[in-house]
Amino acid sequence: MSSTTAPRARSTAGTDGTGKRREGRRSRIVAAGFLLPALLLLGALVVYPIGYSVQRSLFDRSGSSFVGLDNYLALFTDDSLRTAVRNNLVWLVAAPAVATALGLVFAVLTERVRWGTAFKLVVFMPMAISMLAAGIIFRLVYEQDPDRGVANAVWVGVHDTFAESSVFPKARPLPVHPLKAAGDGAFVTKEPVRAGQPVRLPLVGVAPAQMPEGARPAAPPAGTDPGTVAGTAWLDFTRGGGGRPNEVDPAERGLAGLRIEAVRDGKVVATATAAADGTFALPADRADGALLRLPASNFREQYNGVEWLGPSLVTPAIIGAYVWMWAGFAMVLIGAGLAAVPRELLEAARVDGANEWQVFRRITVPLLAPVLAVVLVTLMINVLKIFDLVFVIAPGSAQDDANVLALQLYRSSFGTDADLGVGSAIAVLLLLLVLPVMVLNIRRMRREARR
């Protein structure tokens with residue numbers, strides 16, 4: 001009986017093993033059938049373009065001659081391409097770090113304010129705006145004219161609060177006027193002034209619309225008092241034509257607020273400010289026989305703000321626009337991680353005597369390290385491909401200074417002077433820069449999955 005039972009057991013075991021193998025093979029076939037369309041699509045849209053780009057990067061502009069690595073060498077010898085690589089490194093270091101840091105600060109602080117949810121909504125709202133729309137918005141924000149650009153309107157307002165602005169920029173005398181240039185933008189009378197003799201200080205070069213609000217029609221100079229040196233400073237220009245030079249005409253207005261100095265032996269001995277009608281007076285005991293000088297502070301160009309989109313600031317300005325958009329993304333992800341932090345640990349640290357900064361630095365940040373890594377890596381991959389903001393915000397005159405690899409890829413691959421070999425080399429370089437970040441992200445995800 002035992003001799004017949006053993007073969008039957010072996011036969012059943014063999015049948016079970018064969019069945020399991022068949023079932024496993026069938027499962028793999030079914031899985032491959034479901035994955036095949038996705039793999040074909042992935043191959044057509046990802047693998048083939050990558051392979052073709054690598055092949056095309058080894059050929060010249062026309063694609064007919066093999067040039068090897070010459071296109072890759074051009075990335076580091078051409079000035080515009082070197083600028084693009086350098087700017088991409090700046091973006092890679094600055095933009096993700098600043099956006100992540102702001103997101104962390106916002107996420108922590110919004111837990112302590114009453115209207116935290118509303119604040120989060122406002123900060124996250126820029127994520128709903130496309131890169132193109134954000135670029136147009138910040139192109140206007142960074143406009144040089146303070147009457148149009150918000151950034152310069154604020155900057156000029158702060159500057160003018162603490163620094164005196166000029167009264168009549170670009171004002172100047174004509175050759176027939178009794179004034180001449182004194183160097184450094186100042187003007188001085190050609191002859192010394194005398195008490196009891198009226199002094200005329202005419203200027204041109206000021207648009208009537210830019211005259212001070214309090215300016216009134218100029219009064220003819222009345223300097224007959226022997227105890228004073230008096231006269232009139234006015235805009236020697238009649239709208240619509242007419243008028244006589246060096247003579248106050250009825251339609252001409254006084255240079256209200258013009259600063260006048262009496263100078264003797266190179267030293268200022270008396271000062272005066274023109275009234276609304278342009279009249280002024282200086283004491284004769286100091287100003288008699290002196291030269292009258294109109295200091296350069298009267299004619300200094302008005303402060304026009306910062307050239308945000310100039311060669312030196314265009315990249316930081318565009319990074320600021322990027323941070324405005326993506327700080328909300330970082331805040332939301334970090335806020336979700338912060339909600340999972342055990343409150344018992346935070347309270348225990350406070351009970352043990354830790355202040356808020358120590359709790360934040362020693363407990364909150366270490367516990368949020370996995371979330372911070374996700375946000376930082378995601379933003380690093382994103383900034384390596386940045387194109388829209390740079391293309392829209394940077395003006396043509398500063399686009400070379402703001403150049404990045406994705407923009408250079410567009411400029412090299414399209415247009416009348418396109419070089420598809422160099423463009424393909426840039427695309428391969430971008431892929432090589434993204435790959436290490438993606439590998440680190442995949443390894444981190446696997447470590448998290450094994451926990």
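**Chatting through rings, helices and a sheet**

Biologist: Hi! What does W324 count as, going by its relative accessibility?

Modeller: Hello! W324 counts as partly exposed, because its relative accessibility is 34%. Keep in mind that we are looking at a predicted model.

Biologist: Good to know. How many aromatic pairs turn up in the whole structure?

Modeller: A search of the whole structure finds 16 aromatic pairs. One of them joins F106 and F119, with 5.5 Å from centre to centre and 80 degrees between the planes, an edge-to-face arrangement.

Biologist: Which helices hold those two?

Modeller: F106 lies in helix α3 and F119 in helix α4, so their pair ties together parts that are 13 residues apart in sequence. F106 is partly exposed, at a relative accessible area of 21%. F119 counts as partly exposed too, at 35%.

Biologist: And W324, what is the geometry of its pair with F138?

Modeller: Their ring centres are 5.1 Å apart and the planes meet at 65 degrees, so this pair is edge-to-face. F138 sits in helix α5 and W324 in helix α8, so the pair ties together parts that are 186 residues apart in sequence.

Biologist: Is F138 buried or exposed?

Modeller: Buried: its relative accessibility is 10%, and the cut-off for buried is under 20%. F138 and W324 also belong to a cluster linked by ring pairs, together with Y142, W155 and W308.

Biologist: Back to helices. At what angle do α4 and α8 pack?

Modeller: About 140 degrees, with the axes of α4 (residues 116-124) and α8 (residues 314-339) 7 Å apart. That makes α4 oblique to α8, because only angles over 145 degrees count as roughly antiparallel.

Biologist: Which residues meet there?

Modeller: From α4 come K120, V123 and F124, and they meet A327, G328, F329, M331 and V332 of α8. By class, that contact has 6 nonpolar residues, 1 polar and 1 charged.

Biologist: How do α10 and α11 pack?

Modeller: Their angle is about 60 degrees and their axes are 4 Å apart. So α10 is oblique to α11. In this contact V365, P366 and L367 of α10 meet A369, P370 and L372 of α11. The classes are 6 nonpolar, no polar and no charged residues.

Biologist: New topic: what is the strand order in the sheet?

Modeller: The sheet is open, with 5 strands in the order β1-β2-β8-β5-β6 and antiparallel pairing. At its edges are β1 (179-183) and β6 (267-273), each pairing on one side only. Neighbouring strands are turned by 35 degrees against each other on average, ignoring direction.

Biologist: How many bridges join β2 and β8?

Modeller: There are 2 bridges, in the antiparallel sense, between β2 (residues 186-189) and β8 (residues 291-294). The bridge partner of V188 in β8 is R293.

Biologist: Last one: how far apart in space are I136 and V392?

Modeller: Their C-alpha atoms are 6.5 Å apart, while in sequence they are 256 residues apart. I136 is in helix α5 (residues 131-141) and counts as partly exposed, at 46% relative accessibility.

Key:
Residues numbered from 1 in each chain as written. Predicted model: local features only at pLDDT ≥ 70, side-chain atom pairs only at ≥ 80, totals over all residues. Heavy atoms only, no water. Axes fitted to C-alpha atoms, helices over the stretch in contact; angles between N-to-C directions. Parallel < 35°, antiparallel > 145°, perpendicular 65-115°, else oblique. Contact = heavy atoms within 4.5 Å. Nonpolar A, V, L, I, M, F, W, Y, C, P; charged D, E, K, R; others polar. Pairing = 2+ DSSP bridges. Buried < 20%, exposed > 50% of the residue type's maximum accessible area, 1.4 Å probe, protein only. Phe/Tyr/Trp six-rings, centres within 6.5 Å; stacked < 30°, edge-to-face > 60°.
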